[in-house]
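Hello,

I am handing over the structure below. My notes on it follow.

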Amino acid sequence: MKFLKFNNKEDYVGIIFFIIGIIFLLITSYIELSKLGVWADEIYSLAMIKMPLNDFISYSINDVHPILYYVFLKIFCKIFYFIDLTLTGKIFSLIPILLIGILSITKIKKNFGMLTAGIFFFCICSMPRILTSALEVRMYSWGLFFITTSLIFAYEITNNPNWKKWTILTVLTILSIYTHYFSAIASFSIYLVMLIYIIRKDKKLLKNWIISAIICIIAYIPWLPITYGQILNVNTTYWIAPISINTVISYIYYIFSPAYQAIRNNELASPTILGTLLFVSFIYLYYRNKDEFTTNTLLIFILVPSIGIIVSLISQPIFHIRYIIPVIGCMWLVFSIFLAKSFENLKVFIPITILILIIGILGIFACMPIHNQDVATTEIEHDYISNMGENNVIIINYANAYFPLFKYYAPNNHHFMYNPSDSNLNDFLNNPDIIYYKNTGSKIYYVDNIDMNETYAESGFNFTEIPTNEATIGYKIYEIIY
(Lines give C-alpha, C1' and ligand atoms only; values in the text may rest on other atoms or scores of the structure.)
Protein backbone atom coordinates (compact mmCIF):
# COMPACT_ATOMS: atom_id res chain seq x y z
CA MET A 1 0.00 0.00 0.00
CA LYS A 2 1.62 3.19 -1.24
CA PHE A 3 0.34 5.41 1.56
CA LEU A 4 2.40 3.38 4.06
CA LYS A 5 5.71 3.98 2.25
CA PHE A 6 8.11 6.50 3.82
CA ASN A 7 11.16 7.75 1.99
CA ASN A 8 12.96 10.27 4.21
CA LYS A 9 13.33 11.77 7.65
CA GLU A 10 10.38 14.13 7.14
CA ASP A 11 8.09 11.16 6.45
CA TYR A 12 9.13 9.45 9.68
CA VAL A 13 8.58 12.61 11.72
CA GLY A 14 5.19 12.92 10.02
CA ILE A 15 4.17 9.40 11.03
CA ILE A 16 5.28 10.16 14.60
CA PHE A 17 2.97 13.18 14.61
CA PHE A 18 0.19 10.99 13.20
CA ILE A 19 0.67 8.36 15.92
CA ILE A 20 0.70 11.03 18.64
CA GLY A 21 -2.55 12.33 17.14
CA ILE A 22 -4.05 8.85 17.47
CA ILE A 23 -2.92 8.72 21.12
CA PHE A 24 -4.58 12.09 21.82
CA LEU A 25 -7.72 10.87 20.06
CA LEU A 26 -7.80 7.69 22.17
CA ILE A 27 -7.26 9.60 25.43
CA THR A 28 -9.94 12.19 24.71
CA SER A 29 -12.36 9.52 23.48
CA TYR A 30 -11.81 7.49 26.64
CA ILE A 31 -12.50 10.54 28.83
CA GLU A 32 -15.67 11.38 26.93
CA LEU A 33 -17.02 7.87 26.40
CA SER A 34 -16.10 6.05 29.62
CA LYS A 35 -18.55 8.17 31.63
CA LEU A 36 -21.24 9.86 29.59
CA GLY A 37 -22.30 13.44 30.12
CA VAL A 38 -24.32 15.69 27.84
CA TRP A 39 -25.34 19.32 27.83
CA ALA A 40 -28.48 21.06 26.53
CA ASP A 41 -27.73 21.02 22.79
CA GLU A 42 -26.76 17.36 22.87
CA ILE A 43 -29.95 16.54 24.75
CA TYR A 44 -31.87 18.31 21.99
CA SER A 45 -30.25 16.00 19.41
CA LEU A 46 -30.97 12.90 21.49
CA ALA A 47 -34.54 13.97 22.24
CA MET A 48 -35.22 14.36 18.52
CA ILE A 49 -33.91 10.86 17.83
CA LYS A 50 -36.45 9.42 20.28
CA MET A 51 -39.37 11.31 18.75
CA PRO A 52 -41.96 9.73 16.43
CA LEU A 53 -41.37 10.59 12.78
CA ASN A 54 -44.03 13.34 12.63
CA ASP A 55 -42.63 15.11 15.69
CA PHE A 56 -39.09 14.58 14.38
CA ILE A 57 -39.91 16.33 11.10
CA SER A 58 -41.76 19.14 12.90
CA TYR A 59 -38.88 19.82 15.30
CA SER A 60 -36.33 19.65 12.46
CA ILE A 61 -38.24 22.29 10.54
CA ASN A 62 -38.55 24.53 13.60
CA ASP A 63 -34.90 24.15 14.60
CA VAL A 64 -32.22 26.67 13.56
CA HIS A 65 -30.12 24.10 11.67
CA PRO A 66 -30.62 22.01 8.52
CA ILE A 67 -32.00 18.50 8.83
CA LEU A 68 -29.31 16.19 7.42
CA TYR A 69 -27.38 15.54 10.62
CA TYR A 70 -30.52 14.62 12.52
CA VAL A 71 -31.64 12.24 9.74
CA PHE A 72 -28.29 10.46 9.61
CA LEU A 73 -28.08 10.32 13.41
CA LYS A 74 -31.59 8.85 13.65
CA ILE A 75 -30.73 6.17 11.06
CA PHE A 76 -27.43 5.38 12.80
CA CYS A 77 -29.13 5.04 16.19
CA LYS A 78 -31.82 2.81 14.67
CA ILE A 79 -29.14 0.51 13.26
CA PHE A 80 -27.31 0.33 16.59
CA TYR A 81 -30.44 0.34 18.75
CA PHE A 82 -28.86 -2.18 21.15
CA ILE A 83 -26.21 0.36 22.28
CA ASP A 84 -26.86 3.16 24.78
CA LEU A 85 -28.36 6.09 22.85
CA THR A 86 -25.95 8.71 24.22
CA LEU A 87 -22.94 6.51 23.51
CA THR A 88 -24.22 5.84 19.98
CA GLY A 89 -24.64 9.57 19.37
CA LYS A 90 -21.10 10.33 20.50
CA ILE A 91 -19.63 7.51 18.41
CA PHE A 92 -21.51 8.88 15.40
CA SER A 93 -19.81 12.25 15.98
CA LEU A 94 -16.41 10.55 16.28
CA ILE A 95 -16.67 8.83 12.87
CA PRO A 96 -15.79 11.95 10.82
CA ILE A 97 -12.60 12.44 12.87
CA LEU A 98 -11.58 8.91 11.91
CA LEU A 99 -12.41 9.73 8.29
CA ILE A 100 -10.20 12.82 8.53
CA GLY A 101 -7.43 10.48 9.70
CA ILE A 102 -7.91 8.43 6.53
CA LEU A 103 -8.00 11.63 4.48
CA SER A 104 -4.72 12.73 6.08
CA ILE A 105 -2.84 9.49 5.41
CA THR A 106 -4.07 9.38 1.79
CA LYS A 107 -5.05 12.62 0.05
CA ILE A 108 -3.19 15.12 2.24
CA LYS A 109 -0.07 12.94 2.25
CA LYS A 110 -0.25 12.62 -1.53
CA ASN A 111 -0.64 16.36 -2.13
CA PHE A 112 1.46 17.89 0.66
CA GLY A 113 3.68 15.14 2.06
CA MET A 114 3.59 12.88 5.11
CA LEU A 115 4.95 15.55 7.44
CA THR A 116 2.09 17.92 6.65
CA ALA A 117 -0.41 15.03 6.91
CA GLY A 118 0.93 13.97 10.30
CA ILE A 119 1.01 17.49 11.74
CA PHE A 120 -2.51 18.14 10.44
CA PHE A 121 -4.03 15.02 11.99
CA PHE A 122 -2.21 15.76 15.24
CA CYS A 123 -3.71 19.28 15.24
CA ILE A 124 -7.21 17.94 14.54
CA CYS A 125 -6.87 15.51 17.48
CA SER A 126 -5.19 17.82 19.99
CA MET A 127 -5.79 21.50 19.34
CA PRO A 128 -8.27 23.40 21.53
CA ARG A 129 -12.01 22.87 21.11
CA ILE A 130 -11.93 20.55 18.11
CA LEU A 131 -12.21 17.17 19.82
CA THR A 132 -14.46 18.38 22.62
CA SER A 133 -16.82 19.59 19.90
CA ALA A 134 -16.22 16.47 17.84
CA LEU A 135 -17.41 14.20 20.63
CA GLU A 136 -20.58 16.16 21.25
CA VAL A 137 -23.83 14.76 19.90
CA ARG A 138 -23.98 17.58 17.38
CA MET A 139 -23.19 18.17 13.71
CA TYR A 140 -19.91 20.09 13.95
CA SER A 141 -17.49 17.20 13.36
CA TRP A 142 -19.42 16.17 10.23
CA GLY A 143 -19.27 19.75 8.96
CA LEU A 144 -15.51 19.70 9.66
CA PHE A 145 -15.09 16.53 7.59
CA PHE A 146 -17.22 17.75 4.65
CA ILE A 147 -15.44 21.12 4.44
CA THR A 148 -11.91 19.76 4.89
CA THR A 149 -12.48 17.09 2.24
CA SER A 150 -14.11 19.64 -0.10
CA LEU A 151 -11.03 21.84 0.21
CA ILE A 152 -8.70 18.96 -0.73
CA PHE A 153 -10.78 18.04 -3.79
CA ALA A 154 -11.02 21.70 -4.83
CA TYR A 155 -7.21 21.83 -4.65
CA GLU A 156 -6.88 18.68 -6.74
CA ILE A 157 -9.34 20.03 -9.33
CA THR A 158 -7.23 23.14 -9.84
CA ASN A 159 -4.16 20.95 -10.40
CA ASN A 160 -5.50 17.89 -12.21
CA PRO A 161 -9.24 18.16 -12.94
CA ASN A 162 -11.52 15.31 -13.94
CA TRP A 163 -15.26 14.57 -13.74
CA LYS A 164 -14.86 12.25 -10.75
CA LYS A 165 -13.31 15.00 -8.60
CA TRP A 166 -15.97 17.49 -9.64
CA THR A 167 -18.67 14.96 -8.74
CA ILE A 168 -17.18 14.29 -5.31
CA LEU A 169 -16.80 18.03 -4.61
CA THR A 170 -20.42 18.62 -5.63
CA VAL A 171 -21.74 15.81 -3.40
CA LEU A 172 -19.61 16.97 -0.45
CA THR A 173 -20.93 20.50 -0.90
CA ILE A 174 -24.56 19.36 -0.90
CA LEU A 175 -23.91 17.34 2.26
CA SER A 176 -22.21 20.38 3.82
CA ILE A 177 -25.01 22.85 3.10
CA TYR A 178 -27.56 20.46 4.61
CA THR A 179 -25.42 19.92 7.75
CA HIS A 180 -25.03 23.43 9.22
CA TYR A 181 -25.62 26.92 7.88
CA PHE A 182 -22.06 28.03 8.62
CA SER A 183 -20.82 24.86 7.00
CA ALA A 184 -22.84 26.05 4.00
CA ILE A 185 -21.10 29.45 4.22
CA ALA A 186 -17.76 27.64 4.28
CA SER A 187 -18.76 25.76 1.12
CA PHE A 188 -19.82 29.04 -0.46
CA SER A 189 -16.40 30.47 0.46
CA ILE A 190 -14.61 27.54 -1.19
CA TYR A 191 -16.59 28.03 -4.40
CA LEU A 192 -16.07 31.81 -4.32
CA VAL A 193 -12.30 31.58 -3.86
CA MET A 194 -12.18 28.80 -6.45
CA LEU A 195 -14.06 31.02 -8.93
CA ILE A 196 -11.59 33.86 -8.40
CA TYR A 197 -8.72 31.44 -9.04
CA ILE A 198 -10.40 30.03 -12.17
CA ILE A 199 -11.02 33.50 -13.65
CA ARG A 200 -7.42 34.52 -12.96
CA LYS A 201 -5.59 31.32 -13.83
CA ASP A 202 -7.59 28.63 -15.66
CA LYS A 203 -10.81 29.64 -17.43
CA LYS A 204 -11.18 26.12 -18.86
CA LEU A 205 -12.51 25.07 -15.45
CA LEU A 206 -15.29 27.67 -15.49
CA LYS A 207 -17.88 25.52 -17.28
CA ASN A 208 -17.62 22.67 -14.78
CA TRP A 209 -17.60 25.16 -11.89
CA ILE A 210 -20.89 26.64 -13.13
CA ILE A 211 -22.45 23.17 -13.57
CA SER A 212 -21.35 22.11 -10.08
CA ALA A 213 -22.62 25.35 -8.50
CA ILE A 214 -25.99 25.09 -10.27
CA ILE A 215 -26.44 21.47 -9.11
CA CYS A 216 -25.75 22.54 -5.52
CA ILE A 217 -28.24 25.41 -5.76
CA ILE A 218 -30.94 23.16 -7.26
CA ALA A 219 -30.31 20.56 -4.56
CA TYR A 220 -30.88 23.20 -1.87
CA ILE A 221 -34.08 24.69 -3.33
CA PRO A 222 -36.43 22.26 -1.47
CA TRP A 223 -35.06 23.48 1.85
CA LEU A 224 -35.18 27.22 1.02
CA PRO A 225 -38.72 27.84 2.36
CA ILE A 226 -37.76 26.17 5.63
CA THR A 227 -34.57 28.23 5.81
CA TYR A 228 -36.66 31.36 5.37
CA GLY A 229 -38.98 30.31 8.21
CA GLN A 230 -36.01 29.60 10.47
CA ILE A 231 -34.54 33.02 9.67
CA LEU A 232 -37.83 34.64 10.69
CA ASN A 233 -37.75 32.73 13.99
CA VAL A 234 -34.18 33.87 14.64
CA ASN A 235 -35.07 37.48 13.85
CA THR A 236 -37.88 37.29 16.40
CA THR A 237 -35.73 36.00 19.25
CA TYR A 238 -32.31 34.39 19.53
CA TRP A 239 -29.97 33.69 22.39
CA ILE A 240 -26.64 34.87 20.91
CA ALA A 241 -25.31 38.11 22.42
CA PRO A 242 -24.31 41.12 20.27
CA ILE A 243 -20.79 40.94 18.86
CA SER A 244 -18.19 43.38 20.19
CA ILE A 245 -14.44 43.89 19.82
CA ASN A 246 -13.93 41.69 22.89
CA THR A 247 -15.99 38.95 21.23
CA VAL A 248 -13.81 39.04 18.11
CA ILE A 249 -10.60 38.95 20.18
CA SER A 250 -12.02 36.00 22.07
CA TYR A 251 -12.35 34.12 18.77
CA ILE A 252 -8.54 34.05 18.51
CA TYR A 253 -8.15 32.52 21.95
CA TYR A 254 -10.98 30.09 21.33
CA ILE A 255 -8.92 28.69 18.45
CA PHE A 256 -5.41 28.83 19.92
CA SER A 257 -5.69 28.64 23.73
CA PRO A 258 -6.07 25.46 25.81
CA ALA A 259 -9.81 24.86 26.35
CA TYR A 260 -10.07 25.84 30.00
CA GLN A 261 -13.67 27.03 29.59
CA ALA A 262 -16.82 25.53 28.14
CA ILE A 263 -17.84 28.18 25.58
CA ARG A 264 -21.45 27.18 25.01
CA ASN A 265 -23.52 30.26 25.63
CA ASN A 266 -22.19 33.82 25.48
CA GLU A 267 -18.97 33.29 27.41
CA LEU A 268 -15.76 34.81 26.04
CA ALA A 269 -12.59 32.74 25.72
CA SER A 270 -9.99 34.14 28.10
CA PRO A 271 -6.62 35.35 26.77
CA THR A 272 -3.67 33.10 27.63
CA ILE A 273 0.09 33.41 27.13
CA LEU A 274 0.19 30.08 25.27
CA GLY A 275 -2.65 31.12 22.99
CA THR A 276 -0.88 34.39 22.21
CA LEU A 277 2.39 32.58 21.47
CA LEU A 278 0.68 30.14 19.09
CA PHE A 279 -1.19 32.94 17.32
CA VAL A 280 2.03 34.94 16.89
CA SER A 281 3.78 31.78 15.65
CA PHE A 282 1.05 31.29 13.07
CA ILE A 283 1.43 34.87 11.80
CA TYR A 284 5.21 34.43 11.65
CA LEU A 285 4.92 31.16 9.70
CA TYR A 286 2.47 32.76 7.28
CA TYR A 287 4.77 35.62 6.35
CA ARG A 288 7.73 33.25 5.92
CA ASN A 289 5.97 30.50 3.95
CA LYS A 290 2.82 31.86 2.28
CA ASP A 291 1.93 30.85 -1.25
CA GLU A 292 -1.21 31.07 -3.38
CA PHE A 293 -2.92 27.95 -2.02
CA THR A 294 -2.31 28.72 1.66
CA THR A 295 -3.38 32.34 1.18
CA ASN A 296 -6.57 31.26 -0.60
CA THR A 297 -7.28 28.64 2.07
CA LEU A 298 -6.76 31.19 4.82
CA LEU A 299 -9.15 33.50 2.98
CA ILE A 300 -11.77 30.72 2.99
CA PHE A 301 -11.28 30.33 6.74
CA ILE A 302 -11.51 34.09 7.43
CA LEU A 303 -14.60 34.56 5.25
CA VAL A 304 -16.76 32.35 7.49
CA PRO A 305 -16.52 34.33 10.75
CA SER A 306 -16.35 37.59 8.75
CA ILE A 307 -19.71 36.88 7.08
CA GLY A 308 -21.13 35.81 10.46
CA ILE A 309 -19.91 39.01 12.12
CA ILE A 310 -21.17 41.29 9.34
CA VAL A 311 -24.64 39.73 9.31
CA SER A 312 -24.75 39.86 13.12
CA LEU A 313 -23.86 43.57 13.12
CA ILE A 314 -26.37 44.64 10.48
CA SER A 315 -29.29 42.49 11.67
CA GLN A 316 -29.62 39.93 14.47
CA PRO A 317 -26.61 38.32 16.22
CA ILE A 318 -26.41 34.86 14.64
CA PHE A 319 -22.74 33.87 14.88
CA HIS A 320 -21.37 31.83 17.78
CA ILE A 321 -17.70 30.94 17.83
CA ARG A 322 -18.35 27.19 17.80
CA TYR A 323 -19.84 27.68 14.33
CA ILE A 324 -16.25 28.07 13.14
CA ILE A 325 -15.52 24.37 13.83
CA PRO A 326 -16.57 23.16 10.33
CA VAL A 327 -14.01 25.44 8.63
CA ILE A 328 -11.27 25.24 11.25
CA GLY A 329 -9.66 22.31 9.43
CA CYS A 330 -8.74 24.77 6.64
CA MET A 331 -6.76 26.89 9.09
CA TRP A 332 -4.96 23.93 10.67
CA LEU A 333 -4.07 22.59 7.22
CA VAL A 334 -2.43 25.94 6.42
CA PHE A 335 -0.58 25.82 9.75
CA SER A 336 0.55 22.25 9.06
CA ILE A 337 1.88 23.15 5.61
CA PHE A 338 3.78 26.09 7.09
CA LEU A 339 5.29 24.08 9.94
CA ALA A 340 6.30 21.27 7.55
CA LYS A 341 8.05 23.82 5.31
CA SER A 342 10.03 24.95 8.37
CA PHE A 343 11.33 21.43 9.07
CA GLU A 344 14.92 22.22 8.10
CA ASN A 345 14.94 25.33 10.30
CA LEU A 346 15.07 23.60 13.68
CA LYS A 347 15.14 26.90 15.57
CA VAL A 348 11.60 27.46 14.29
CA PHE A 349 10.31 23.89 13.95
CA ILE A 350 11.24 22.57 17.41
CA PRO A 351 9.90 25.47 19.56
CA ILE A 352 6.58 25.55 17.71
CA THR A 353 6.30 21.76 17.89
CA ILE A 354 6.91 21.89 21.65
CA LEU A 355 4.32 24.69 21.93
CA ILE A 356 1.54 22.74 20.19
CA LEU A 357 2.40 19.62 22.21
CA ILE A 358 2.10 21.59 25.47
CA ILE A 359 -1.20 23.17 24.37
CA GLY A 360 -2.51 19.74 23.34
CA ILE A 361 -1.56 18.13 26.66
CA LEU A 362 -3.00 21.02 28.67
CA GLY A 363 -6.14 20.80 26.54
CA ILE A 364 -6.71 17.21 27.68
CA PHE A 365 -6.37 18.17 31.34
CA ALA A 366 -8.52 21.26 30.77
CA CYS A 367 -11.39 19.30 29.22
CA MET A 368 -11.64 16.92 32.19
CA PRO A 369 -13.42 19.32 34.62
CA ILE A 370 -15.75 20.45 31.82
CA HIS A 371 -16.62 16.85 31.06
CA ASN A 372 -17.01 16.01 34.76
CA GLN A 373 -19.42 18.94 35.11
CA ASP A 374 -21.47 17.61 32.17
CA VAL A 375 -21.55 14.17 33.81
CA ALA A 376 -22.65 15.62 37.16
CA THR A 377 -25.33 17.81 35.58
CA THR A 378 -26.60 14.87 33.50
CA GLU A 379 -26.93 12.69 36.60
CA ILE A 380 -28.64 15.43 38.60
CA GLU A 381 -31.13 16.25 35.84
CA HIS A 382 -31.88 12.58 35.25
CA ASP A 383 -32.59 12.05 38.94
CA TYR A 384 -34.81 15.13 39.32
CA ILE A 385 -36.81 14.64 36.17
CA SER A 386 -37.21 10.87 36.41
CA ASN A 387 -38.66 11.38 39.91
CA MET A 388 -41.60 13.17 38.29
CA GLY A 389 -42.99 9.76 37.39
CA GLU A 390 -45.02 8.75 34.34
CA ASN A 391 -48.36 9.68 32.75
CA ASN A 392 -48.21 13.16 34.24
CA VAL A 393 -48.53 16.57 32.56
CA ILE A 394 -45.34 18.61 32.16
CA ILE A 395 -45.78 22.23 31.03
CA ILE A 396 -42.67 24.12 29.90
CA ASN A 397 -42.47 27.86 29.33
CA TYR A 398 -41.99 28.54 25.60
CA ALA A 399 -39.22 31.09 26.30
CA ASN A 400 -36.94 28.45 27.80
CA ALA A 401 -35.04 25.67 26.05
CA TYR A 402 -36.11 22.87 28.39
CA PHE A 403 -38.75 21.18 26.26
CA PRO A 404 -36.36 18.65 24.61
CA LEU A 405 -34.75 18.01 27.99
CA PHE A 406 -38.02 16.82 29.51
CA LYS A 407 -39.02 14.96 26.36
CA TYR A 408 -35.73 13.06 26.66
CA TYR A 409 -35.59 12.35 30.40
CA ALA A 410 -39.35 11.96 30.97
CA PRO A 411 -40.69 10.55 27.70
CA ASN A 412 -43.70 8.74 29.17
CA ASN A 413 -45.52 11.91 30.11
CA HIS A 414 -47.77 14.47 28.40
CA HIS A 415 -45.70 17.50 27.37
CA PHE A 416 -47.15 20.94 26.71
CA MET A 417 -45.38 24.14 25.69
CA TYR A 418 -46.84 27.33 27.18
CA ASN A 419 -46.35 30.69 25.46
CA PRO A 420 -47.46 33.56 27.77
CA SER A 421 -47.91 35.85 24.75
CA ASP A 422 -50.61 33.54 23.36
CA SER A 423 -52.76 33.07 26.47
CA ASN A 424 -52.74 33.63 30.22
CA LEU A 425 -51.84 30.74 32.47
CA ASN A 426 -55.37 30.36 33.86
CA ASP A 427 -56.79 29.74 30.40
CA PHE A 428 -53.94 27.46 29.48
CA LEU A 429 -54.37 25.29 32.59
CA ASN A 430 -58.03 24.90 31.72
CA ASN A 431 -57.11 23.40 28.37
CA PRO A 432 -59.50 20.43 27.87
CA ASP A 433 -56.61 17.99 27.36
CA ILE A 434 -54.90 19.09 30.57
CA ILE A 435 -58.17 18.93 32.49
CA TYR A 436 -58.77 15.43 31.12
CA TYR A 437 -55.35 14.19 32.24
CA LYS A 438 -55.84 15.87 35.63
CA ASN A 439 -59.20 14.17 36.13
CA THR A 440 -57.70 10.79 35.25
CA GLY A 441 -55.06 11.09 37.97
CA SER A 442 -52.17 12.89 36.32
CA LYS A 443 -50.11 15.37 38.31
CA ILE A 444 -49.57 18.78 36.72
CA TYR A 445 -45.97 20.08 36.66
CA TYR A 446 -44.73 23.45 35.46
CA VAL A 447 -41.11 24.21 34.51
CA ASP A 448 -39.67 27.72 34.43
CA ASN A 449 -36.79 29.77 35.81
CA ILE A 450 -38.96 32.24 37.73
CA ASP A 451 -40.66 32.26 41.14
CA MET A 452 -44.18 31.18 40.21
CA ASN A 453 -45.69 32.05 43.60
CA GLU A 454 -44.66 35.68 43.10
CA THR A 455 -45.37 35.97 39.38
CA TYR A 456 -48.76 34.22 39.50
CA ALA A 457 -49.80 35.07 43.06
CA GLU A 458 -53.29 36.16 41.92
CA SER A 459 -53.91 33.18 39.65
CA GLY A 460 -55.79 31.15 42.23
CA PHE A 461 -53.49 28.15 41.75
CA ASN A 462 -51.14 26.72 44.33
CA PHE A 463 -47.56 26.21 43.10
CA THR A 464 -45.56 23.74 45.18
CA GLU A 465 -41.87 23.94 44.30
CA ILE A 466 -40.14 20.58 43.91
CA PRO A 467 -36.66 20.78 45.52
CA THR A 468 -33.96 20.97 42.84
CA ASN A 469 -30.38 22.13 42.53
CA GLU A 470 -31.27 25.27 40.60
CA ALA A 471 -27.67 26.53 40.62
CA THR A 472 -26.69 23.45 38.59
CA ILE A 473 -29.68 22.89 36.32
CA GLY A 474 -30.93 26.48 35.96
CA TYR A 475 -34.69 25.98 36.33
CA LYS A 476 -37.44 25.37 38.88
CA ILE A 477 -40.04 22.59 38.86
CA TYR A 478 -43.47 23.22 40.37
CA GLU A 479 -46.42 20.97 40.97
CA ILE A 480 -49.66 22.89 40.33
CA ILE A 481 -52.55 22.12 42.64
CA TYR A 482 -56.06 23.19 41.53
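Two strands count as paired here if DSSP finds at least two bridges between them. This is a predicted model.

Start with the strands. Tyr-445 stands opposite Glu-479 in strand 5. Strand 3 covers residues 444-448, and its pairing with strand 5 is antiparallel, over 4 bridges. Strand 4, residues 462-466, also pairs with strand 5 in the antiparallel sense, over 5 bridges. There, Ile-466 stands opposite Ile-477 in strand 5. Strand 5 spans residues 476-481; 5 of its 6 residues are buried, so the rest of the structure largely encloses it.

Next, the surface. A nonpolar patch is formed by Ile-210, Ile-214, Ile-217, Ile-218, Ile-221 and Leu-224. Together they have about 540 Å² of accessible area. Helix 11 (residues 206-220) gives the largest share of the patch, 4 residues. Ile-221 sits in the loop between helix 11 and helix 12 (224-236). Its relative accessibility is 44%, so Ile-221 counts as partly exposed; the cut-off for exposed is over 50%.

The largest cavity has a volume of about 240 Å³. It is lined by 19 residues, and the closest to its centre are Thr-132, Ser-133, Glu-136, Arg-264 and Ile-370. Helix 7 (130-134) and helix 17 (346-386) each supply at least two residues of this lining. The largest share, 4 residues, comes from helix 17.

Best wishes

How values were computed: Residues numbered from 1 in each chain as written. Predicted model: local features only at pLDDT ≥ 70, side-chain atom pairs only at ≥ 80, totals over all residues. Heavy atoms only, no water. Patch = residues over 30% accessible without salt bridge, like charges linked within 9 Å, V, L, I, M, F, W, Y side chains within 5 Å. Areas by Shrake-Rupley, 256 points an atom, 1.4 Å probe, with all protein chains shown as cover. Salt bridge = Lys/Arg side-chain N within 4 Å of Asp/Glu carboxyl O. Buried < 20%, exposed > 50% of the residue type's maximum accessible area, 1.4 Å probe, protein only. 1 Å grid on protein atoms, 1.4 Å probe; cavity = no way out; pocket = protein on both sides within 12 Å on 5 of 7 lines; lining within 4 Å. Points joined across faces, edges and corners; volume = space filled by probe spheres on them.
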